[in-house]
Amino acid sequence: ESAQRAGRSGFNPAPGHLEKAMGRLTVVNKVRPTSLLGPKTEEVPKTFWQKEFDGYKQVICWPSGVLLILVPLGFMGRTLQWNSLIVCLVNFLAIIGMANVQARAVECVSLQVSPLIGGMIDAFLGKSVEQIMAIQCLRAGLPEVLKANLMGSLHWCLLLVLGQSIMTAGFKKKMLEFNVDGVSAQMSSQVVASISMVLPTMFGSVPGVTPDDVLVLSRVCACFLIFLYLSFIYFHLKTHKDSFQHHTEGEVELEDKPLTTEDIELSQLSLTSSVMLMVASILVAAFNSQVLVDHLQDLSKTFGVPTKFIGATLLPILGNTAEHIASVWHAERDEIDVALSIAIGSATQIALFVVPLSVLWGWVIDRPMSLNFTRYDSAVMLLGTFLVAQMLQHGVSVWLHGAMLMNVYLMIAVISYFEPN
């Protein structure tokens, strides 16, 4: 179901639903003939409560909605002191289900407001699961797990999702061509973010520099990255939005496309209900993530799984599954521009917003969180970013490039298992 709303979850340069939202929505039942030969009659428009019911059904009634059953079980597991593996697994799956509800609620809100406001909502709430996990890890005193999670999410989007999308599309088309303008702007921002995260790490190795000095520098760099993210949003949604439009051969512009059936059904949910559902899903996901994080160390000690491996490889699944499915889904349909925008857009949002915001959250709740990653993590992040930028700089790609990116990710994941806690 994540693929069916492809390109519309998270802040990705595929804002077709934002432009489509400019049209006024009028939802009535379909016109059906009373008989094969008789005249056509129009049924009575749906009532408010019918629209609300259909809207809630469209948001919740998906295959992943089954996972919502696990939400109360996740709370019960901590109260009844279940095995740490069962508690973590139940809450892990519950967060995935709730994240899907939250993403669709955000989409409902975006469809009923102006394109600019909808884009801002997507930009700041598209990665709410990662923000929740950041706060919970800081609260539990696990900044190293948080750093591993942030790095793992970046590698997941930039190497695994992007690589699989390129390889999937490359098997159907010998030479892939895509819009290099939007990709170039995002990759340039990605390089700047990588440099900003490497600087505190290198600064920490200078003789005489204290951890407090690194913490102060990290907070300064975080503020700069937030400013860069705001500039990128303005660049994306206002001054250069045409650079992020994607067209296939013989296809009209996104602004001229009619609303899809799914958009119309989602828009039946009122704005008030959409906002309430969005807030409720975020709060419930926060409670489940709290239980999950509280049992991570016990899980690591009981089964001998390094916490860094959990943070770098398992936790990124929570907030990036929807983008992964959507990107590959588009790639299978030869929509490589949209697939790349989803993968790279997610990585850009993490690097420019989630990472610096995690530092600021630590400042707010008085938990030291710096950008002082290990030298290994810093080197891997820079090398991965430069590798992707080099592969995409010419606007063409082949399936072998995707295979290379996926192999790099697998090597990083394997190494993370052997890293000491």
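Please keep in mind that the model is predicted, so local features need pLDDT of at least 70 and side-chain atom pairs count only at pLDDT 80 or more, while totals for chains, interfaces and linings use all residues. Residues are numbered from 1 along each chain as its sequence is written, and side-chain values use heavy atoms, with hydrogens and water left out.

Let's start with two helix pairs. Helices here are DSSP runs (H or I, at least four residues; strands are E runs of at least two), numbered from the N terminus. Axes are lines fitted to C-alpha atoms, for helices over the stretch in contact, and angles run from 0 to 180 degrees between N-to-C directions. Helix H8 (residues 180-204) and helix H9 (residues 211-239) have axes that come within 9 Å and cross at roughly 175°. That makes H8 roughly antiparallel to H9; the label applies over 145 degrees, with under 35 roughly parallel, 65 to 115 roughly perpendicular and the rest oblique. Contact means heavy atoms within 4.5 Å. Among the residues that meet across this pair are Ala185, Val192 and Phe203 in H8, and Leu217, Leu225 and Phe232 in H9. By class, the contact has twelve nonpolar, five polar and one charged residues. Ala, Val, Leu, Ile, Met, Phe, Trp, Tyr, Cys and Pro count as nonpolar, Asp, Glu, Lys and Arg as charged, and the others, Gly among them, as polar.

Next, look at helix H6 (residues 128-139) and helix H14 (residues 316-332), which pack at an angle of about 175° with axes 8 Å apart. H6 is therefore roughly antiparallel to H14. Here Val129, Glu130 and Met133 in H6 meet Leu318, Gly319 and Asn320 in H14. This contact has three nonpolar, two polar and one charged residues.

Leu318 leads us on to the nonpolar cores. A core is a set of buried Ala, Val, Leu, Ile, Met, Phe, Trp, Tyr and Cys residues joined through side-chain atoms within 4.5 Å. Buried means under 20% relative accessible area, exposed over 50% and partly exposed in between (1.4 Å probe, protein chains only). The largest core has 79 residues, and Leu318 is one of those that touch the most other members, a group including Leu162, Met197 and Leu292. Leaving aside neighbours within four places in sequence, Leu318 is in contact with Phe92, Ile95, Ile96, Ala99, Val129, Met133 and Leu292. A second, separate core of 20 residues includes Leu70, Met98, Cys108 and Ile132.

Now to helix H5 (residues 115-125), where you will find Met120. Met120 is partly exposed, at 32% relative accessible area. Not counting residues up to four places away in sequence, Met120 touches Ile233 and Leu237. The C-alpha atoms of Met120 and Ile233 are 7.7 Å apart, although 113 residues separate them along the chain.

Finally, the aromatic rings. Rings of Phe, Tyr and Trp (its six-membered ring) pair if their centres lie within 6.5 Å; planes under 30 degrees apart count as stacked, over 60 as edge-to-face and the rest as tilted. The count comes to eight aromatic pairs. Phe124 and Phe353 are edge-to-face, at 5.4 Å centre to centre and 75° between the planes. Phe124 lies in H5 and Phe353 in helix H15 (residues 336-364), so this pair ties together parts 229 residues apart in sequence. Phe124 is partly exposed at 24%, whereas Phe353 is buried at 7% relative accessibility. Tyr229 and Phe353 have ring centres 5.0 Å apart and planes at 20°, so they are stacked. Tyr229 is in H9, and 124 residues separate Tyr229 from Phe353.
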